[in-house]
Amino acid sequence: MIIVKGNSAYIILESSSKWTVKKESEKFSIAFDISKEICKTEDDLREYVLSNELF
């Protein structure tokens, strides 16, 4: 899954207990792990990324 916010595209990976939100560019790569206790569904995660200033 990919979430687009502004000019940024985040690649989303799912495991049984967390989501990994990853952004890559030519100069850097960064990844955030978000517990499924915080965001249980894809829709919850999308809303979290879109509303959070961290992303």
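Lys 18 is partly exposed in this predicted model, with a relative accessible area of 31%. Its side chain meets that of Asp 33 in a salt bridge, 3.2 Å from N to O, and this pair links distant parts of the chain, with Lys 18 in strand S3 and Asp 33 in strand S4, 15 residues apart. Lys 18 also has a bridge partner in S4, namely Ser 35.

- An open sheet is formed by 4 strands in the order S1-S2-S3-S4, and the pairing is antiparallel.
- S1 and S4 are the edge strands; each has a single partner strand, so one side of each is left without a neighbour in the sheet.
- On average, neighbouring strands of this sheet are turned by 25° against each other, direction ignored.

**S1 with S2**

- Strand S1 covers residues 2-5 and pairs with S2 over 4 bridges in the antiparallel sense.
- Ile 2 has Ile 11 as its bridge partner in S2.
- The two strands form a hairpin with 2 residues between them, and Gly 6 in the turn has a positive phi of about 60°.

**S2 with S3**

- Strand S2 (residues 8-14) and strand S3 (residues 18-24) run antiparallel and are joined by 4 bridges.
- Ile 12 stands opposite Val 21 in S3.
- Ile 11, the bridge partner of Ile 2, also has a bridge partner in S3, Lys 22.
- The hairpin from S2 to S3 passes through 3 residues.

**S3 with S4**

- S3 and S4 also run antiparallel, joined by 7 bridges.
- Thr 20 stands opposite Asp 33 in S4, and Asp 33 is the residue whose side chain meets Lys 18 in a salt bridge.
- A hairpin is formed here too, with 4 residues between S3 and S4.

**Salt bridges**

- How many salt bridges does a search of the whole structure find? There are 3.
- One of the salt bridges brings together the side chains of Glu 14 and Lys 36, at 2.5 Å from N to O. This pair links distant parts of the chain: Glu 14 belongs to strand S2 and Lys 36 to the loop between S4 and H1, 22 residues apart.
- Glu 14 counts as exposed because its relative accessibility is 52%, which puts it over the 50% mark.
- Lys 22 is partly exposed at a relative accessible area of 27%, and Glu 24 is partly exposed at 46%.

**Lys 36, a buried lysine**

- Where does Lys 36 sit? Its place is in the loop between strand S4 (29-35) and helix H1 (42-51).
- Why does Lys 36 count as buried? Its relative accessibility is 18%, and buried means under 20%.
- Leaving aside residues up to four places away in sequence, Lys 36 touches Glu 14, Ser 15, Ser 16, Ser 17, Lys 18 and Trp 19.
- Among these contacts, Glu 14 is the salt-bridge partner of Lys 36, while Lys 18 has its own salt bridge with Asp 33.

**The helix on the sheet**

- Which strands does H1 lie across? The helix lies across S1, S2, S3 and S4.

Notes. Residues are numbered from 1 along each chain as its sequence is written. This is a predicted model: local features need pLDDT of at least 70, side-chain atom pairs count only at pLDDT 80 or more; totals for chains, interfaces and linings use all residues. Side-chain values use heavy atoms; hydrogens and water are left out. Contact means heavy atoms within 4.5 Å. Two strands pair if DSSP finds at least two bridges between them. A salt bridge is a side-chain nitrogen of Lys or Arg within 4 Å of a carboxyl oxygen of Asp or Glu. Buried means under 20% relative accessible area, exposed over 50%, partly exposed in between (1.4 Å probe, protein chains only). Axes are lines fitted to C-alpha atoms, for helices over the stretch in contact, and angles run from 0 to 180 degrees between N-to-C directions.
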